[in-house]
Amino acid sequence: MSGTEVGAFDATGYRQHVLSTLRGASKLDLSDPFFIVDLPVDVDDTELIRARITALVGFWNKERSPNYKALAAELAKHRADLEAVLLDPARRAECAAQVRAARATADADRYGALDSLAAKLVARYQGLPRSRLSSLARLAKTRGLGEAAFAAWADRQHVIEDGADAEPLAAGVRAQIRSDLDEFGRLTGDSSRSATLWTFLGIAPTTSAEEIAARHAELTSENERRQHDHLMTIVANLLTYTRQHLMTGDAARYAASLIEDAKDRLRDTVAEKVIVDGELNAADYEASVRKVIGFGFGLSSEQARLAVRRVATELGATLAVAPAVDYLICPNCREPQPASGQPACRYCGADVYLRCPACGQQAEAAAVACPHCGTSFRAIQAAVDQLAAAREQLAQGRPAAAQAALAPAVEAARNAPALAVEVAAVSDEVDRVIATAQSDWRSAERELAGQRLYAAVDRLSRIARVAADVAGPSGQSAPDQLAELAARKATVQADIATARKLPDAEKEAALGRILSVAADCGEAIDMLAALPLAPPSDLQAEVTADAVALRWEPSLSPGPVSYKITRVTTAQDGGQPERRVLGTTSAVEFNDAGAPGGAMIAHEVSAVSGRRTSAGATTRPALMPRDVTSLAARADASGITLTWVLPISHGNVVVEREVDPGAGLSLPLRRARADGQSWRDTSPATGVEFSYHVYAEYRDADGVMIRTPGATIRAKVAPRPKPVSELWATTSAGHTTIGWVRPASGEVRIYAADHALAAPDTEVDLAELAHRGRYVGAGQRRVVDENAGRRLVTYTSVTVDGGQAVAGPSVAHLPVAAPSNAAVTDSGSELLLTFTLPGGVTEAVVAGRRDAMPAGPADPAAQTWSVTNTRLEIDGGLHVPAPEDGLGWYFSIHSVLRDGSAKLAAPAGAQLKARDSTPVTASYTVRRAGVVRRSIVIEVTASDPMPDLVVRAKRGAVPSGAQDGAEVGRIPGGGRSARLELPAGALTLPAGLRVFPAASLPGREFTITDPPEATLLITS
């Protein structure tokens, strides 16, 4: 382990721990160098190892103890061997692996003997008796295990109190406990349970304190519910002893007291043997041991021998002991016998062993609890009996009683997996039967509410058969309810027999009364179906623009009657009419709101009762003059679309368009027929409002044209929206505001994305924009983006008007405030820029140009500097070398945010003009030169280097501007003076000359002054 902390070298501890072990070996073994240098196996600090070896060598050379002097000198000779292994990381790691394996093998050998003995003790006593721990500790020491190692091993074992070394309770206390236990056995007739306080609780002596407390609380609760009598008093006393000696006291003292109780009962028997024989021979010794086992105090064979030995010693007798024999007690006849492995009692044949249902290990059948896991056999047997009782109750159709019987078994069976499976299966079946019965009860109530008497009787018969003790919702008993309904059913059967003898007119009324009580009586239904049903009468129809209202007089037949309504539509070609059942109703009126416009329709109403249907009552065919509803108009760039709702089977829909009188435009009325439920006007004038009137035309049965009132709506095609001219975004106090110059009309909407969503002045689809980008908001001059985040965002503006959308400019924005308090100090040779970064921002990008303000942090024509707030504070600002050269300095300062390893600079920033440029001025002269070869000389002088110049000439006059006349020569720039000589023959005289800049001077204003006009005009 790197960096292992090892204390200072302890010479005394080294002698006791290392040298004493090495001295006991036959020869010096260097296979474990970590042990020799007294360091952990996983140490990997080379310098620490080197320091330890150096300290040890000094100790070995100085050691003068006669026990270790020779050994220390031998170790000192092997220093090089130890260093070769421990100071080489590769060899050290290889050696460490070997040492770990060797130590693990040695530990297994040392612990093997202990584990073997522990296994034998546990097999005999179901744990390690505390009295044997001292002997085991001595054995461990001979195997090379120290006290700490043995204590750690013992903590992992199950140690039991055998009372061998503990002080027993006072004789009076023991006598009182034994007396109450014996009285409890006499009152209950259960001698196995009255042996000890542990058997009284039904638990093993190895049971944990928590389980003892839980069992104590359970028995206390049971005893408090018991009728007050002598048994209740005895149980209360025993519970008090349990709390005093097993829960709050020392259980080992009570275990020792059981040995004393056995001694008290055995004393006279041993005394007789001693008086007669003068000793206790081997046969008498074993007989005495069996006698102690037979007392039923729950003592082990070893504890019984201890009791016999102590009695014989106290009586001064000599002992002759035979080989030790383990004994057990028969659960039936209670006779002790050798535990030789035979499965049955040698006296009565009963099983002397059983398999624990919780842990599966073998245990004595006479035990009240499993010595291995502590499971109470008495509780398990009670759970088995409760399970059998629950099954019996369920078989007898009493699931509620089965559920109550099963409840205690559920808790007890938790420690017995096999039994728990059976209990869970029965419990699930009980729950299913109860749930089914409760569902049947609810169904029976619904059937009774619906007068379905026969179905209710069948359902209650099932409940009474399989769940008779499951009460109904109101607490009613299934057998009682069934008896009541059976009586009602018998009455119905008698009424049916009487109705059979009646004439038809009276029979129908009688059957109606029967069905009002038992609507599901099949016999009554069949008899009624054979009788005719009276139809409805006086059927009337009222036709409106959107529905046909039907009314009629009810059927004269008694009993429940409903009415079937059928729409009959006349075929236009004279064919078979279309019949469509619209539904049934128990009322005497019905509205048909679904009849299509233009159809000739009639309605038929028939009475229905059970399986009977009467003849139908029919109305005369009538026209359905359905009118236009829900008229709407939607305008876009190319026209206006009208939509409406009008289901129509015959006839036409007419659209009339008329221009708004106030539009100042005269257009004729336009009329068109529409198909379906929409129509599009493809030729409306832009910006002109039109009135659209939509109506239907039908012909009635006589062929007369009928026109509906229709509906009217106004609409216009708006002009193409104009995009905004300017768009900007700013962030302040955590809010990003997007602003723009308001257009003449329409609404401006803003969408956000990581790029521009559309080119300016292009038409866009708003639905498609919402899918590609994030809708921010709409307004007249500005919106606020509440979800800008901290990433670069591009906002796209869209003007919406009259169903049209046109994109405007986009702006990229980093939602962070720009630096503030920007200032510059010009020393002539250097510019010092100072500014304040906004909260949460620690970096900035500064862009600088010499000719104009930078377009942004990524302006290709600009120089850029990255600076942090720490550097700004240390340097007092940003220092930019700037010697005087006549050019200006222009800066923009941009806040920067980090997105992982990427830096994002805000597109907009604080702008600062740091230095103005110095204008360049120039003047020139024009003169004639030469006598033989005549020429014209132009000489230019300037305050600073000048740009390229162009000379223009115009016949008869001086050029008025840079585009006037013709170019006759150029003067290269870059210097403060220049000269150009033109041959006089190159000009057609008279001619005027003038000098102009051929290009601008980057970053500086250039002005050239003309000489007097007279010198510019060349005449000869």
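Biologist: Which way does H14 pass H15, in a right-handed or a left-handed crossing?
Modeller: In this predicted model, the crossing of H14 over H15 is right-handed. The axes of helix H14 (residues 282-294) and helix H15 (residues 301-314) come within 9 Å, and they cross at roughly 120°.

Biologist: Now the next pair: what makes H11 roughly antiparallel to H12?
Modeller: The angle again. Helix H11 (residues 209-225) and helix H12 (residues 230-247) have axes that come within 10 Å and cross at roughly 160°. The cut-off for roughly antiparallel is over 145 degrees, so H11 and H12 qualify. Their crossing is left-handed. Among the residues that meet there are Ile212, His216 and Leu219 of H11 with Val235, Leu239 and Leu246 of H12.

Biologist: How do you know that Pro815 is buried?
Modeller: Its relative accessible area is 8%. Buried means under 20%, so Pro815 is buried. Pro815 sits in the loop between strand S32 (804-813) and strand S33 (820-826). Beyond its sequence neighbours, Pro815 touches Thr731, Thr736, Ala788, Gly789, Arg790 and Arg791. The C-alpha atoms of Pro815 and Leu792 are 7.1 Å apart, although 23 residues separate the two along the chain.

Biologist: And why does Ser691 count as buried?
Modeller: Its relative accessibility is 16%, and the limit is under 20%, so Ser691 counts as buried too. This serine belongs to strand S23 (residues 689-699). Away from its sequence neighbours, Ser691 is in contact with Glu656, Arg657, Glu658, Thr712, Ile713 and Arg714.

Biologist: What makes strand S28 largely enclosed by the rest of the structure?
Modeller: Five of the seven residues in S28 (residues 747-753) are buried, so the strand is largely enclosed. S28 pairs in the antiparallel sense with strand S31 (residues 793-801) over seven bridges, and with strand S29 (residues 774-779), also in the antiparallel sense, over five bridges. Val748 stands opposite Thr799 in S31 and opposite Gly779 in S29.

Biologist: Let's move to a sheet. In what order do the four strands of the open sheet come?
Modeller: The order is S45-S42-S41-S47, with mixed pairing.

Biologist: Why are S45 and S47 said to stand at the edges?
Modeller: Strand S45 (977-983) and strand S47 (1006-1009) each have a single partner strand, so one side of each has no neighbour in the sheet. From one strand to the next, the twist averages 20°. S45 pairs with strand S42 (residues 935-942) in the antiparallel sense over seven bridges; there, Leu980 in S45 is the bridge partner of Ile938.

Key:
Residues are numbered from 1 along each chain as its sequence is written. This is a predicted model: local features need pLDDT of at least 70, side-chain atom pairs count only at pLDDT 80 or more; totals for chains, interfaces and linings use all residues. Side-chain values use heavy atoms; hydrogens and water are left out. Helices (H or I, at least four residues) and strands (E, at least two) are DSSP runs, numbered from the N terminus. Buried means under 20% relative accessible area, exposed over 50%, partly exposed in between (1.4 Å probe, protein chains only). Contact means heavy atoms within 4.5 Å. Two strands pair if DSSP finds at least two bridges between them. Axes are lines fitted to C-alpha atoms, for helices over the stretch in contact, and angles run from 0 to 180 degrees between N-to-C directions. Angles under 35 degrees count as roughly parallel, over 145 as roughly antiparallel, 65 to 115 as roughly perpendicular and the rest as oblique. A crossing is left-handed if the near helix is turned anticlockwise from the far one by less than a right angle, and right-handed if clockwise. Lists of a residue's contacts leave out its neighbours within four places in sequence.
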